[in-house]
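Subject: Structure handover

Hello,

Please find the structure below, followed by notes on what was found in it. Have it open beside you while you read.

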Amino acid sequence: MSLPPLSLYIHIPWCLKKCPYCDFNSHAVRGEDPVPEDAYVSALIRDLESALPNIWGRRLTSVFFGGGTPSLFRAASIEKILTAVRTLLPLEPTAEITLEANPGTFEAQKFADFRAAGINRLSIGIQSFNPQHLQALGRVHNDHEAYKAVEIAQKHFDNINLDLMYALPGQGVAEAKKDIETACSLGVEHISAYHLTLEPNTLFYRYPPALPDDEQSAEMQDIIEQVMRAHHYHHYEISAFAQQRRFSQHNQNYWLFGDYLGIGAGAHSKISFESKIIRQMRYKQPREYLAKTENIGITSATSVQTQHTLAQADRSFEFMMNALRLTDGFETALFQERTGQPITAILSQLDQAEQRGLLYRTHLRITPTQTGRRFLNDLLQIFLPETRSSIIEN
């Protein structure tokens with residue numbers, strides 16, 4: 001098994017307000033409990049230093065600041081983190097360095113400073129350009145701030161992603177179409193369009209809003225794909241559309257079962273070695289994470305809360321669960337490169353999926369059909385190990 005590309009994910013868990021649909025590890029800022037920004041930056045650097053033995057000699061192909069809302073932090077803090085990253089790890093000259101941003105945190109000078117700090121790609125959480133839908137989603141920004149955020153971003157960045165959602169409370173097909181047409185008209189390089197799902201441990205899950213039915217949602221998805229095609233965006237992953245050569249390097253590494261080191265509260269890692277693949281999760285609660293990282297190097301303390309080695313059957317399933325999200329699928333040889341198993345290990349499952357019209361394959365490439373992409377969970381179920389009773393939802 002050869003070592004795949006390595007990415008770095010940096011989790012910043014604070015946001016202005018917890019959205020009712022969000023199940024990420026994020027925590028609303030409270031006036032009486034300010035964000036311990038400087039302490040957290042120091043914790044991230046100690047965390048990275050302690051992880052180095054697992055990734056000696058490997059180069060980073062991408063860095064991603066996710067959250068929460070990383071744009072809440074000062075540009076000086078982001079620069080301090082990136083300086084430490086460059087000091088400790090070799091970075092590919094073409095490395096993509098992304099920062100997630102909320103339109104409610106946009107200030108022109110601040111985003112110029114983010115660019116100067118080394119951020120070369122911005123991902124903006126727009127969700128919708130419709131003021132009623134933004135309100136229903138509990139967003140802290142309005143439609144005017146959404147447009148202004150894109151305008152400011154385009155003055156400083158030439159690689160921008162907009163996150164949008166559809167099948168929203170009270171949304172009609174025409175409104176979903178208008179959102180996606182608006183996003184395309186702005187000429188950004190990348191657009192992600194996610195179907196709103198009601199995730200456990202969210203306010204929407206406990207108090208479900210009235211959502212479009214399956215037929216309306218499917219129509220919205222079809223129209224989104226049509227509009228994107230008309231504006232020359234390539235639909236390269238189930239929820240991702242990009243202009244030519246502007247695919248997300250970081251996310252593609254996830255989808256092709258690459259490695260990633262995750263630092264920060266609750267961050268996940270997948271790291272390959274010559275004969276094993278491990279998964280880790282950092283301590284989830286920011287206070288506990290800060291306390292654990294405070295003692296790194298002084299005691300045997302570690303920021304890693306859980307770690308396990310991937311079983312052979314899980315390697316196959318996790319590879320397929322990610323790679324089959326890609327419209328163009330994957331090169332057959334990559335399966336063995338990334339899992340350490342021959343493609344014959346899943347031959348019967350491939351035969352079954354092909355017979356059901358969910359994928360097609362040659363000796364060089366395996367690709368989900370349009371039906372396979374639309375019914376991804378049915379396709380993945382075929383590759384699910386008997387020991388696993390559930391899969392990650394779309």
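Is E151 buried, partly exposed or exposed? E151 is partly exposed, with a relative accessible area of 39%. Here buried means under 20% relative accessible area and exposed over 50%, with partly exposed in between (1.4 Å probe, protein chains only).

Before the rest, some ground rules. This is a predicted model, in which local features need pLDDT of at least 70 and side-chain atom pairs count only at pLDDT 80 or more, while totals for chains, interfaces and linings use all residues. Residues are numbered from 1 along each chain as its sequence is written, and side-chain values use heavy atoms, with hydrogens and water left out.

Salt bridges

Side chains of opposite charge can pair when their charged atoms come close. A salt bridge is counted when a side-chain nitrogen of Lys or Arg is within 4 Å of a carboxyl oxygen of Asp or Glu. That rule gives 17 salt bridges.

One of them joins E151 to K148, at 3.7 Å from N to O. The two residues are about one helical turn apart, because they lie 3 residues from each other in helix α5 (residues 143-156). K148 is also listed as partly exposed, at 42%. Helices (H or I, at least four residues) and strands (E, at least two) are DSSP runs, numbered from the N terminus.

Another salt bridge is between R74 and E37, again with 3.7 Å from N to O. This pair links distant parts of the chain: R74 sits in the loop between β4 (60-67) and α2 (75-88), E37 belongs to helix α1 (residues 37-51), and 37 residues separate them. R74 is partly exposed at 42% relative accessibility, whereas E37, at 12%, is buried.

Which strands form the open sheet, and in what order? The sheet has 3 strands in the order β15-β17-β16, with antiparallel pairing. At its edges are β15 (330-331) and β16 (359-361), each of which pairs on one side only. Two strands are taken to pair if DSSP finds at least two bridges between them; β16 and β17 (residues 365-368) have 3. Within this pairing, Y360 stands opposite T367 in β17.

Around H11

H11 lies in strand β1 (residues 6-12) and is buried, at 5% relative accessibility. A polar atom of the H11 side chain lies 2.8 Å from the backbone oxygen of N25. Contact means heavy atoms within 4.5 Å. Not counting residues up to four places away in sequence, H11 touches N25, Y40, L44, G66, G67, G68, I263, G264, A265 and A267.

Cysteines

How many disulfides does the structure hold? The count is 0, where a disulfide is a pair of cysteine sulfur atoms within 2.5 Å. For C19, the nearest cysteine sulfur is that of C22, 6.3 Å away. C19 is buried, with a relative accessible area of 11%, and C184 is buried at 5%.

Regards

Technical notes
Polar contact = N/O pair within 3.5 Å; in protein donor to acceptor, adjacent residues only side chain to side chain.
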